[in-house]
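Please read the following briefing alongside the sequence and the coordinates. Terms are given with their cut-offs where they come up.

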Amino acid sequence: MSTSQVRRGHVANLPVWDRCAVMGVVNVTPDSFSDGGHWFDTTAAIKHGLDLVAEGADLVDVGGESTRPGAARVDEDEELKRVIPVVRGLAAEGVTISVDTMRASVAEQSLAAGAALVNDVSGGLADPAMVPVVAAAGAPFVVMHWRGFLEGATVRGTYDDVVPEVVDELHARVQAIIEGGIAPEHIVVDPGLGFSKEAEHDLALLAHLDAVRALGHPVLVAASRKRFLGRVLADEQGAPPPARERDAATAAVSALAAQAGAWAVRVHEVRATADAVRVARAVEGAQ
């Protein structure tokens, strides 16, 4: 294993990449914050996933429920109807698939349909059956820092010192998940940018990814098009650009995250980030 692979960590049962991996997003929803409705049809969603792979995505994250602030939850049957055909279609094309869900039933059926990774923004807190299901399947699991459903712009987003608090809360959740039967080598951690956090919190976490990496697990950074980038890019009147106009800023975060040792970055627009992580790897190799 190369020095780069050791630095970023490796997730058991997933491919090994000699750089920060790129996770492309397929939202099979009508209401996601940046691209809701664009890929709501199964055929369009599968094509979009394949297009992301062609543009440089290493794995594709398929989700059927928006987690934007204030979004209403869809029922289980609807989420299954949205997600499973897309997972099955992409798996048939040999795509490495992550399923973005907080429901154990969706995770279980997605893994059976060919998904390789479960990405749960609640870290297994939203559905008590999630950890046992993932443990029984022997699947990798993304544990995100989460303080509850976003019922408004933010929820419980108050911190005295955001970096150690997020790290401590993630550590406690990881330990609970290991005790629940998920193997340590299957765990990825995500600092949860934008979830119960203001822009200054997100920026501080990005500036101190080393503290998140010190937990000893590969790190996923999901900054794509998020509100804190809108704050950074706001005009003189304080108006942020629309979400779809934050892709260059997202690619900049991807390069910084790759340089800081992130295992993967989750993005909507793949091509620029695929280039960014490869440049970061080339610079790393020249040191």
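In this predicted model, aspartate 120 of strand β4 (residues 117-120) stands opposite valine 143 in β5. β4 and strand β5 (residues 141-144) pair in the parallel sense over 3 bridges, where pairing requires that DSSP finds at least two bridges between two strands. Helices (H or I, at least four residues) and strands (E, at least two) are DSSP runs, numbered from the N terminus. Residues are numbered from 1 along each chain as its sequence is written, and side-chain values use heavy atoms, with hydrogens and water left out. Local features need pLDDT of at least 70 and side-chain atom pairs count only at pLDDT 80 or more, whereas totals for chains, interfaces and linings use all residues.

**Strand β4 and its surroundings**

- Both faces of β4 are covered, since Leu117 and Asn119 on one side and Val118 and Asp120 on the other are all buried, with buried meaning under 20% relative accessible area, exposed over 50% and partly exposed in between (1.4 Å probe, protein chains only).
- Strand β3 (residues 97-100) is joined to β4 by 3 bridges and runs parallel to it, with serine 98 standing opposite leucine 117.
- From β3 the chain crosses through helix α4 (residues 104-113) to β4 in a right-handed β-α-β crossover, a term that applies if, with the strands pointing away from the viewer, the path from the first strand over the helix to the second runs clockwise.
- A right-handed β-α-β unit is also made by β4, helix α5 (residues 130-137) and β5.

**The sheet as a whole**

- The strand order in the open sheet of 8 strands is β6-β5-β4-β3-β2-β1-β8-β7, with parallel pairing.
- β6 (187-190) and β7 (220-221) stand at the edges with a single partner strand each, so one side of each has no neighbour in the sheet.
- Parallel pairing over 2 bridges links β7 to strand β8 (residues 264-267), and valine 221 has valine 265 in β8 as its bridge partner.

**Overall dimensions**

- The protein has 11 helices and 8 strands.
- Its radius of gyration is 17 Å, close to the 19 Å that the globule rule gives for 287 residues, so the protein is as compact as a globular protein of that length; the radius is taken over C-alpha atoms, and the rule is 2.2 Å times the number of residues to the power 0.38.
- The C-alpha trace spans about 45 × 45 × 40 Å along its principal axes.
- Of the 287 residues, 55% count as buried.
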